[in-house]
Amino acid sequence: MSEAQFTDERLREALRDFAEVAGDGSGCPDSDHLVASGRGELEPREERDVLLHLSRCTACAAAWRIAREVAAPVEPL
């Protein structure tokens, strides 16, 4: 398993754990969709659906922000 795959899996696990603590998550996107959205990898319709959900769900919005930060390229010093 590469470092990137390990990081992706750890991120997905953390998002799943976060959703369990925050609520039942029954209407929430799965962690794969949150990660893909945070990376800008979703189709426009899927992205719109995720962003609409984030406007109503503070737990997913927080998880999405974490996914976005982790996915952001690191700027050289």
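Helices (H or I, at least four residues) and strands (E, at least two) are taken here as DSSP runs, numbered from the N terminus. On that basis the chain has four helices and zero strands, and reading along the sequence gives the pattern α-α-α-α. The model is a predicted one, so local features need pLDDT of at least 70 and side-chain atom pairs count only at pLDDT 80 or more, while totals for chains, interfaces and linings use all residues. Residues are numbered from 1 along each chain as its sequence is written, and side-chain values use heavy atoms, with hydrogens and water left out.

Of the 77 residues, 29% count as buried, where buried means under 20% relative accessible area, exposed over 50%, and partly exposed in between (1.4 Å probe, protein chains only). The chain exposes about 5,600 Å², and carbon and sulfur atoms supply 54% of that area; accessible areas come from the Shrake-Rupley method with a 1.4 Å probe, and for residues only the protein chains shown count as cover. Among contacts (heavy atoms within 4.5 Å) with a separation of 6 or more, 57% link residues 24 or more positions apart.

Helix α2 (31-38) is largely enclosed by the rest of the structure, because six of its eight residues are buried. Those six are Ser31, Leu34, Val35, Ala36, Ser37 and Gly38. Ser37, which lies in α2, counts as buried at 1% relative accessibility. Setting aside neighbours within four places in sequence, Ser37 is in contact with Leu42, Glu47, Val50, Trp64 and Arg68, and Ala36 is in contact with Glu41 and Leu42. Just after α2, Gly40 takes a positive phi of about 75 degrees.

Next comes the packing of the helices. The axes of α2 and α3 come within 10 Å and cross at roughly 105 degrees. That makes α2 roughly perpendicular to α3. Axes are lines fitted to C-alpha atoms, for helices over the stretch in contact, and angles run from 0 to 180 degrees between N-to-C directions; angles under 35 degrees count as roughly parallel, over 145 as roughly antiparallel, 65 to 115 as roughly perpendicular and the rest as oblique. For α3 and α4, the angle is about 120 degrees, with the axes 8 Å apart. That makes α3 oblique to α4. Here Leu51, His53 and Leu54 in α3 meet Cys60, Ala61 and Trp64 in α4.

Helix α4 (residues 58-71) has 14 residues and reaches 20 Å from its first C-alpha to its last, close to the 20 Å expected at 1.5 Å a residue; the expected span is 1.5 Å times one less than the number of residues. Its buried residues are Ala59, Cys60, Ala61, Ala63, Trp64 and Ala67.

The largest nonpolar core has eleven residues, including Leu34, Leu42, Val50, Cys57 and Trp64. Such a core is a set of buried Ala, Val, Leu, Ile, Met, Phe, Trp, Tyr and Cys residues joined through side-chain atoms within 4.5 Å. The elements giving two or more residues to this core are α2, α3 (44-54) and α4, and α4 supplies the largest share, five residues.

Finally, Pro29 sits in the loop between α1 (3-22) and α2. Not counting residues up to four places away in sequence, Pro29 touches Leu34, Val50, His53 and Cys60. Pro29 and Cys60 are 31 residues apart in sequence and 8.0 Å apart in space, C-alpha to C-alpha.
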